[in-house]
Amino acid sequence: MNAILVFAEQRGGVLRKAAHEAISEARRIADVAKAAVHVVIAGSEIGGLVEEAASRGADHVHLADHAELARYSTEGYALAARSAFDSVRPGLVLMSATAMG
């Protein structure tokens, strides 16, 4: 496995607790598997989340930052996740089990 992809949920420009947990678990697995942790975050005006995701263990952060993603939409967020998946081709994908994800 060369990479792990995490879909990190955010609300109002703040990573949710479930996202922190998913990134931390990805980091734990990646350290054993010698893999990179990629995190995808969708939303609007979320550039400040790159450092936060990195501090939790992300090696690479993929932002889908667009005004149309300011509010959750299944289609928009799925497209962001798919785009990152196609780019990274991870061996493992982690997502939170929340009302959104």
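A residue is described here as buried when its relative accessible area is under 20%, as exposed when that area is over 50%, and as partly exposed in between, with a 1.4 Å probe and protein chains only. The structure is a predicted model, in which local features need pLDDT of at least 70 and side-chain atom pairs count only at pLDDT 80 or more, whereas totals for chains, interfaces and linings use all residues. Residues are numbered from 1 along each chain as its sequence is written, and side-chain values use heavy atoms, with hydrogens and water left out.

By the accessibility cut-offs, E9 is buried, with a relative accessible area of 3%. Helices (H or I, at least four residues) and strands (E, at least two) are taken as DSSP runs and numbered from the N terminus, and E9 is placed in the loop between β1 (3-7) and β2. A salt bridge, defined as a side-chain nitrogen of Lys or Arg within 4 Å of a carboxyl oxygen of Asp or Glu, links E9 to R11, with the closest N and O atoms 3.0 Å apart. R11 counts as partly exposed, at 41% relative accessibility.

The structure holds eight salt bridges in total. In helix α1 (residues 17-33), D31 and R27 lie four residues apart, about one turn of the helix, and their side chains meet in a salt bridge with an N to O distance of 3.0 Å. Of these two residues, D31 is partly exposed, with a relative accessible area of 47%, while R27 counts as buried at 19%. Another salt bridge, at 2.9 Å from N to O, joins the side chains of D86 and R82. At 36% relative accessibility D86 counts as partly exposed, and R82, at 51%, counts as exposed; the two residues are separated by about one helical turn, because they are four residues apart in helix α3 (residues 74-88). Salt bridges that share partners also join E9, R11 and R16 into one network.

The nonpolar interior was examined in terms of cores, a nonpolar core being a set of buried Ala, Val, Leu, Ile, Met, Phe, Trp, Tyr and Cys residues joined through side-chain atoms within 4.5 Å. The largest nonpolar core has 18 residues, of which V6, A8, L15, I23, V39, I41 and A53 touch the most other members. Two or more residues are given to this core by each of β1, α1, β4 (36-43) and α2 (49-56), and α1 gives the most, with five residues. When neighbours within four places in sequence are left aside, A53 is in contact (heavy atoms within 4.5 Å) with L15, I23, V39, I41, A58 and V61.

Finally, G13 is located in the loop between β2 (10-11) and β3 (14-15), where G13 counts as partly exposed at 30% relative accessibility. From C-alpha to C-alpha, G13 and V37 are 21 Å apart in space, and they are 24 residues apart in sequence.
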